[in-house]
Amino acid sequence: MFEIVKPGFFFDFMKVKWYAITFSIILLLIGLTSIAVKGFSYGIDFSGGTVIQVKFTHSVKTDEVRKALKTIGLQNERIQSVGQPQDNEFLIRTAKSEDSMKGLSETIKGTLEGYFGEKNVQIRRIDMVGGAVSKDITQKGYLSLFYASIGILIYIWLRFDFRYSVGAIAATLHDVFVVLGIFSLLGKDMDLTVVAAFLTLMGYTLNDTVVIFDRIRENVKKQTSSNFDLASVMSASVSQTLSRTVLTAVTVFVVALVLFLFGGEVIHNFALVTLLGTIVGCYSTIFIASPVVLFMSKEKAKA
Amino acid sequence: MNKFKFTGLGILAVVIVGLVLALPTLVQLLTPYDLPEGWIGPKNEVKLGLDLQGGMHLILQVETEKALSSSLDRIAADLKTQMIAKRIRYAKVERTAEGVRVVLRDAGDETKLADLVKADYPTLAEPTTSDEQGAVALAFAIKPADAKKVKEAAVTQALETIRNRIDQLGVSEPSIITEGTDRINIQLPGVTDPARAKKLIGETAVLEFKLVDEEHSQADAIKGDIPPGSYIAYMKEGHEPMLLKQETLLTGDMLDDARVNIGSNNQPYIAISFNSQGGRIFERVTGDNIGKRLAILLDGRIYSAPVIKDRIGGGKAVIEGRFSDEEARDLAIVLRAGSLPAPIVILEERTVGPSLGKDSINKGLLAVGIGGLLVIIFMAAYYRASGLLANLALVLNLIFIFGVMAAFHAVLTLPGIAGIVLTIGMAVDGNIIIFERMREEIRLGRSPKMVVEAGYKNSFWSVFDANITTLIAGAVLFQFGTGPVRGFAVTLCVGIVTTLFTVLVMCKWIMEWLVNNNKIERFSI
């Protein structure tokens with residue numbers, strides 16, 4: 001039998017809770033500071049604008065593309081090379097949308113064809129989002145996060161008692177904000193697929209937590225004396241499910257890594273959120289969810 | 001037959017149905033071949049989203065305010081003629097934001113005008129009377145319900161017109177639907193020339209015939225002295241100004257057909273024919289104005305202004321201009337399809353070229369392949385024979401996802417493929433939970449039968465709860481997501497349902513069958 005966690009393994013996870021919580025708070029503070037100071041870099045879904053993905057048949061430098069676009073008054077636009085260097089592929093992003101400029105994508109296409117030769121330019125993708133639509137999308141994004149949280153909250157509430165719900169939600173929010181913070185620090189673009197990734201992250205990290213809670217409940221039921229030590233039951237439960245927690249984290253991490261490496265430009269940020277989510281989710285399941293339930297229980301005991 | 005066997009047969013039936021449903025999609029995605037001749041199963045495969053097959057997605061907004069405004073313009077112009085006919089003398093008629101305002105010369109005409117409007121213009125509300133430098137002014141506003149009707153009609157007509165135009169563009173399976181009050185959502189799979197499609201959809205295409213004002217000096221008009229009832233329009237080519245009469249004699253509404261012909265100088269021109277009413281008007285107009293110039297305008301620009309040489313019967317005319325072949329062809333399409341009741345603006349555009357779509361499919365399938373393979377190797381190495389069972393569940397799970405999606409005509413997008421890849425990683429979680437539990441039971445020295453029973457019983461709710469939380473997130477995403485992201489929600493949700501089936505029903509049954517028939521003395525787990 002192949003075992004990453006030996007049978008009978010026990011580690012007193014509740015004992016190290018303060019280290020974990022301190023570490024998490026530092027992580028959250030860094031992230032929140034970045035969100036407050038630097039904010040997010042929004043993709044065109046939320047900010048409006050145009051993204052054009054263009055491929056050249058020969059090697060072209062970013063500066064040349066910039067120079068070509070200067071001729072039609074597009075300056076300070078973001079031009080970024082994507083894929084492998086030999087792909088000669090670029091993303092051109094401008095804040096303008098066709099609300100304000102009729103036929104912008106055609107103008108850009110014509111300009112690049114004029115500069116590099118008609119046969120050497122291939123427009124692979126045009127995404128244009130006008131102001132009115134981006135407002136809608138932003139609203140829908142917030143609403144979906146809101147409703148998903150409410151829905152999950154209700155489910156957890158139905159299946160577990162209040163203390164566990166708080167623990168599960170604390171762990172979920174912890175993961176969402178840690179990854180949001182990292183996202184802000186890295187300056188990656190927020191768009192609709194990223195919001196989808198965050199919703200998935202919420203689902204996944206809860207999934208992870210729920211399994212441990214189930215085990216804690218089961219072990220609590222088995223206790224014969226009424227004044228058992230909840231902390232050690234928790235540590236035992238986390239220890240017993242540790243192999244599963246790690247194994248699942250590994251499989252999900254592996255597929256997220258595959259997506260990140262092979263999925264292509266469009267879902268790059270989506271994959272990044274999932275990748276970070278598996279690491280943070282695994283950590284919070286082990287170190288954050290249960291201690292919160294423990295605190296809640298102590299408060300209850302005092303009262 | 002006992003319950004256990006019955007369950008087994010049910011599972012087998014589900015597996016067969018799933019395989020049959022998924023087959024067309026698997027053949028399409030993984031092989032260069034078509035379904036074999038004589039295949040009697042379902043033929044529909046999973047539809048690919050625009051991001052995978054290439055194409056164009058547009059969200060348009062119909063400027064309904066402008067439709068209302070031009071409707072009020074027509075009412076104001078009509079009212080003027082009516083007042084003259086009814087001998088109601090007015091100082092001026094002006095357009096207000098929500099209606100028409102008439103300043104009367106004679107206060108005594110007030111009731112006469114109010115009655116006229118009440119009888120002939122049911123969309124206008126009761127007037128509000130005010131005093132303007134001693135004269136009586138009546139302001140008629142359009143009733144809110146009627147204003148709404150005008151706007152709605154504009155959207156409906158725009159939808160109809162755009163549909164007609166796209167039909168002529170030859171796109172297979174276009175989707176054109178209204179969204180909200182004034183938006184139109186268009187999906188055009190496989191469009192190769194997005195610029196042309198956009199131009200064809202966006203052209204207002206209002207065709208008008210007006211007389212050239214030759215009684216007044218055009219030079220004076222350009223300097224700013226424009227005679228009443230006339231205005232300056234510009235030629236399409238060269239932008240030369242020309243003084244035209246404001247009155248529109250005939251519009252494109254009365255067209256029957258428009259075709260491209262090639263003239264003697266190899267220049268394409270458009271031959272139009274009017275319907276019977278339009279033909280009569282055209283005959284009268286040309287007969288009354290021999291020797292004068294008739295300007296043909298499209299969207300306010302003059303295409304040509306030929307001299308009327310003779311009365312033209314038969315309702316046929318030609319539009320000339322220096323067209324390219326494609327321009328002429330598209331112009332004929334928009335004339336045939338009719339004009340848009342109001343201008344439209346593009347709110348959102350997403351165009352994916354076919355080569356990028358193909359790349360995305362390949363990258364997606366590669367990710368599914370590598371991800372799947374790594375997880376399969378991992379499971380087999382870690383759990384041995386039981387791992388193989390989990391892998392069987394995983395493979396069937398993937399097949400079921402395609403089968404369910406094909407059955408429900410769901411759309412597969414690139415984020416959707418990402419959802420499938422994630423499902424691969426998360427689906428094995430169910431079996432991991434169960435197998436870990438079984439290992440614990442084995443360590444307690446239980447018999448194989450007990451191990452299976454306790455293993456599944458103790459982990460059922462964990463597996464179930466864990467999947468439901470993700471399902472909730474997926475359902476919300478489905479509700480709020482658009483396009484590609486919705487495709488992600490679909491595969492995520494479908495993947496969870498198929499995972500629950502394969503793990504909690506199928507694998508459980510196989511495990512139970514193995515221990516019930518004493519096939520297992522020691523677990524390979």
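**Figure 1. Chain A of this predicted model is assigned two domains.** Domain 1 of chain A takes in residues 13-43 and 133-302. Domain 2 covers residues 49-129. Domain 1 is therefore written as two stretches of the chain, and the numbers of domain 2 fall between them. The C-alpha centres of domain 1 and domain 2 of chain A lie 39 Å apart.

**Figure 2. Chain A has a radius of gyration of 24 Å.** A compact globule of 303 residues would come near 19 Å. Along the principal axes, the C-alpha atoms of chain A fill a box of roughly 85 × 45 × 30 Å. The chain holds 10 helices and six strands. Of its 303 residues, 48% are buried. Take the contacts in chain A between residues at least 6 apart in sequence: 82% of them join residues at least 24 apart.

Figure 3. Across chain A the mean pLDDT is 88, and 96% of the residues reach 70 or more. Chain B averages 89, with 100% of its residues scoring at least 70. For the complex, the predictor gives an ipTM of 0.90 and a pTM of 0.84.

**Figure 4. Four strands of chain B form an open sheet.** Their order is S3-S4-S6-S5, and the pairing is antiparallel. Strand S3 (90-95) and strand S5 (128-132) of chain B stand at the edges. Each has a single partner strand, so one side of each is left without a neighbour in the sheet. From one strand to the next, the twist averages 20 degrees.

**Figure 5. Strands S4 and S6 of chain B pair in the antiparallel sense.** Strand S4 spans residues 99-104 of chain B, and strand S6 spans residues 135-141. Five bridges join the two strands. B:Val103 stands opposite B:Ala137 in S6(B).

**Figure 6. Helices H3 and H4 of chain B lie across strands of chain B.** Helix H3 of chain B, residues 64-85, lies across S3 and S4. Helix H3 of chain B runs at about 165 degrees to S3(B). Helix H4 of chain B, residues 110-120, lies across S4 and S6. Helix H4 of chain B runs at about 15 degrees to S6(B).

Terms used. Residues numbered from 1 in each chain as written. Chains lettered and ligands numbered in written order. Predicted model: local features only at pLDDT ≥ 70, side-chain atom pairs only at ≥ 80, totals over all residues. pLDDT = per-residue confidence, 0-100. Pairing = 2+ DSSP bridges. Axes fitted to C-alpha atoms, helices over the stretch in contact; angles between N-to-C directions. Contact = placed C-beta atoms within 7 Å. Rg over C-alpha atoms; globule rule 2.2 N^0.38 Å. Buried ≥ 20, exposed ≤ 12 C-beta atoms within 10 Å, placed from the backbone.
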